[in-house]
Amino acid sequence: QVHVEESGGGLVQTGGSLRLSCEVSGTTLQTYGMGWFRQAPGKEREFVARHNWSSDIIYTADSVEGRFTVSSDTAKNTEYLQMNSLRPEDAAVYYCYAIVGDSTTQRQYWGQGTQVSVTS
């Protein structure tokens, strides 16, 4: 069974950095891509970044462009979200998803989220 798990969240001061990890496990199917969303209290879930592993094309939201970067270790089936110059408005629960499957069928799987808190 496909399992997606985020880690690396925590409390950081404004201007600080965190690196989130997202690992896919429990499957021999291929991972085609991974991405990140976030949700702050009282707000809708917001797109952060996505990474197509096949094309290595990465999209990031305007709100994090230049501060957040995405990378992957395909051998570990893991995606990373490096977050620099963090701001109070970046505080949220960060969710990772993975597109997993084979050449004919892929599905999206979500993790449970990891909390990022930023003190001013």
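The model is predicted, so local features require pLDDT of at least 70 and side-chain atom pairs pLDDT 80 or more, whereas totals for chains, interfaces and linings use all residues. Residues are numbered from 1 along each chain as its sequence is written, and side-chain values use heavy atoms, without hydrogens or water.

**Overall architecture**

- The chain contains 0 helices and 11 strands, where helices (H or I, at least four residues) and strands (E, at least two) are DSSP runs numbered from the N terminus.
- The radius of gyration is 14 Å, close to the 14 Å that the globule rule gives for 120 residues, so the chain is as compact as a globular protein of that length. The radius is taken over C-alpha atoms, and the rule is 2.2 Å times the number of residues to the power 0.38.
- Along the principal axes, the C-alpha atoms fill a box of roughly 45 × 25 × 25 Å.

**Surface and contacts**

- Of the 120 residues, 40% count as buried; buried means under 20% relative accessible area, exposed over 50%, and partly exposed in between (1.4 Å probe, protein chains only).
- The chain exposes about 6,600 Å², of which carbon and sulfur atoms supply 44%. Areas follow the Shrake-Rupley method with a 1.4 Å probe, and for residues only the protein chains shown count as cover.
- Among contacts (heavy atoms within 4.5 Å) between residues at least 6 apart in sequence, 54% join residues at least 24 apart.

**Aromatic cluster**

- The structure holds 4 aromatic pairs. Rings of Phe, Tyr and Trp (its six-membered ring) pair if their centres lie within 6.5 Å; planes under 30 degrees apart are stacked, over 60 edge-to-face, and the rest tilted.
- The rings of Phe37 and Tyr97 have centres 6.1 Å apart and planes at 55 degrees, so this pair is tilted. Phe37 belongs to strand β4 (residues 30-39) and Tyr97 to strand β9 (residues 92-101), so the pair ties together parts 60 residues apart in sequence.
- Tyr97 counts as buried because its relative accessibility is 8%. With Trp110, Tyr97 forms a tilted pair, the ring centres being 5.2 Å apart and the planes at 50 degrees.
- Trp110 lies in strand β10 (residues 106-110) and Tyr97 in strand β9, so this pair ties together parts 13 residues apart in sequence. Trp110 is partly exposed, at 33% relative accessibility.
- Ring pairs link Phe37, Phe47, Tyr97 and Trp110 into a cluster.

- Leu18 is part of strand β3 (residues 18-25) and is buried at 14% relative accessibility.
- Leu18 and Gln82 are 64 residues apart in sequence, yet their C-alpha atoms are 6.2 Å apart.
- Beyond neighbours within four places in sequence, Leu18 is in contact with Gly8, Gly10, Val12, Leu81, Gln82, Met83, Leu86 and Val116.
- Asn77 sits in the loop between β7 (68-73) and β8 (78-83) and is buried, with 15% relative accessibility.
- Leaving aside neighbours within four places in sequence, Asn77 is in contact with Cys22, Glu23, Val24, Thr31 and Trp53.
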